[in-house]
Amino acid sequence: HTLYFNLSIFVLVVLATIILTNMMVNFYQKKLALMATIDHLTRLMNRQAFESLSANILADSRRSHTPLAVMMLDIDHFKNINDSYSHAAGDKVLKGVAEVLKHTVREADLVCRWGGEEFVIVLNKCTLADAERIAEQLRSKVAAQLYEYELYHLKVTLSIGVASYRHEEALQ
């Protein structure tokens, strides 16, 4: 009886260990997947994730013949912010601009930190005229915002390019 009891306990301990190990591996796999697709500073999609998702959106737009617009945004004179106030100030500005972008576009749109101070937005089922209106909203909201860093109140502006997608083109 003692042998069977000890074997039962051993099996339970091994099963519990396997289950806990599996749970931890799954947890860290999800965390790594998130880290691989999200920009850690702005919490926006990173370029790698954007390139994969945008291909699906382009294919869907091409198939359904729906309009699609793309915006390229750049924070004006960003290097001056980093040089004059510090990279921590630049990070604060990047986070603030990212928040404006996230809260201004629709949930169906892709917002990506392309690199440095550049962002890309894909506006799904959006005409060029609507995209230009949204670009102006983004530009004015960012310009109206004060980005506080220590004792400074920084103002920034955006340069935005807008294009509509032609179904025979690839996004490059």
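Visitor: Which residues does L123 touch, leaving out those up to four places away in sequence?
Guide: In this predicted model, L123 touches L68, A69, M71, V105, R106, D109, A131 and I134.

Visitor: And which residues have the most contacts inside the largest nonpolar core?
Guide: Those are I75, V93, V97, I121 and L123. That core has 31 residues.

Visitor: Which elements each supply at least two residues of this core?
Guide: They are β1, α3 (78-85), α4 (87-104), β3, α5 (128-144) and β4 (147-149). The largest share comes from α4, with 7 residues.

Visitor: What does the second, separate core include?
Guide: That one has 13 residues, and M45, L58, L110 and V120 are among them.

Visitor: How many bridges does β1 have with β3, and in which sense do they pair?
Guide: There are 7 bridges, and the pairing is antiparallel. Strand β3 spans residues 118-124.

Visitor: Which residue in β3 is the bridge partner of V70?
Guide: That's V122.

Visitor: What about β6, how many bridges join β1 to that strand?
Guide: β6 (residues 158-164) is joined to β1 by 7 bridges, and these two strands run antiparallel. In this pair, I75 stands opposite L158 of β6. You've met I75 already, as one of the residues with the most contacts inside the largest nonpolar core.

Notes. Residues are numbered from 1 along each chain as its sequence is written. This is a predicted model: local features need pLDDT of at least 70, side-chain atom pairs count only at pLDDT 80 or more; totals for chains, interfaces and linings use all residues. Side-chain values use heavy atoms; hydrogens and water are left out. Two strands pair if DSSP finds at least two bridges between them. Helices (H or I, at least four residues) and strands (E, at least two) are DSSP runs, numbered from the N terminus. A nonpolar core is a set of buried Ala, Val, Leu, Ile, Met, Phe, Trp, Tyr and Cys residues joined through side-chain atoms within 4.5 Å. Buried means under 20% relative accessible area, exposed over 50%, partly exposed in between (1.4 Å probe, protein chains only). Contact means heavy atoms within 4.5 Å.
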